[in-house]
Amino acid sequence: GEQESVLEALLLAQILLNPVYTMKDILTFAKQCKIPATEVEGSEKLSSFLKNELMKALPDTWERCVNPDGKVHYYDEPRKISMWKHPRADGIRIRHEKIIAKRKKMLLEARIKERQNEAMKKAVEKTGQHVKNARLVDLNREKTEQSKMHFSHLDPEEEAIVYYRSRFGRSGGEFLVDSVSYILDMMQEEA
């Protein structure tokens with residue numbers, strides 16, 4: 001009887017002084033810090049950080065206590081405060097929120113930069129296309145000016161015939177030339 005109660009007391013003292021933290025303990029601490037369990041389970045780094053925080057000594061006047069049913073609570077003797085939540089849980093929550101906010105900001109900045117790069121690339125492509133189109137317009141203007149100079153000494157009927165022959169070749173052009181000649185003859189007869 002006495003030896004068993006001494007052993008139980010020693011075992012309880014050992015648990016209080018050197019607790020072994022399981023994943024359940026870490027998840028309970030994470031919940032107190034308002035960190036989602038899925039985030040802790042998905043990150044070895046976060047899980048390890050929380051376990052290390054649990055293993056650190058408590059603030060000066062705080063003690064870790066275990067109920068007879070095994071539930072952990074914390075007690076501050078000078079202020080006579082007892083609570084279920086770890087004394088550093090709020091500080092860890094604030095640190096975690098800052099890290100998450102910083103990570104979100106970095107991701108947002110990366111997305112903005114990526115979109116800016118895409119927009120710049122499209123703008124450069126469009127500018128290149130505009131330059132290409134402007135060159136084609138200039139080239140067509142030059143050709144039009146050359147064509148005007150070439151046909152300017154001809155009357156309109158001859159100019160049309162020369163145009164159709166140059167545009168459609170001898171065989172196709174002849175049909176169009178004949179058609180134009182026929183239409184012009186019809187118009188002159190009506191006048």
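I began with a charge and a ring, and I found Lys71 over the face of Trp84, at 4.5 Å from the ring centre. I take a charge to sit over a ring if NZ of Lys or CZ of Arg is within 6 Å of the ring centre and within 35 degrees of the ring normal.

I noted that this is a predicted model, in which local features need pLDDT of at least 70 and side-chain atom pairs count only at pLDDT 80 or more, while totals for chains, interfaces and linings use all residues. Residues are numbered from 1 along each chain as its sequence is written, and side-chain values use heavy atoms, with hydrogens and water left out.

Next I looked up the sheet. Three strands form an open sheet in the order E1-E2-E3, with antiparallel pairing; strands (E, at least two residues) and helices (H or I, at least four) are DSSP runs numbered from the N terminus, and two strands pair if DSSP finds at least two bridges between them. Strand E1 (62-66) and strand E3 (81-83) stand at the edges with a single partner strand each, so one side of each has no neighbour in the sheet.

I then followed the partners. E1 and strand E2 (residues 72-76) pair over five bridges in the antiparallel sense: I saw Val66 with Val72 as its bridge partner, Cys65 with His73, and Arg64 opposite Tyr74. The hairpin of E1 and E2 has five residues between the strands, and there Gly70 takes a positive phi near 90°.

Four residues lie between E2 and E3 in their hairpin, where Lys80 in the turn has a positive phi of about 55°.

Last, I turned to two helices. The axes of helix H2 (residues 23-32) and helix H4 (residues 44-55) come within 10 Å and cross at roughly 90°; axes are lines fitted to C-alpha atoms, for helices over the stretch in contact, and angles run from 0 to 180 degrees between N-to-C directions. This makes H2 roughly perpendicular to H4, a term for angles of 65 to 115 degrees. In the contact (heavy atoms within 4.5 Å), I listed Met23, Asp25, Ile26, Phe29 and Ala30 from H2, which meet Ser47, Leu50, Lys51, Glu53 and Leu54 from H4.

Definitions and conventions. Parallel < 35°, antiparallel > 145°, perpendicular 65-115°, else oblique.
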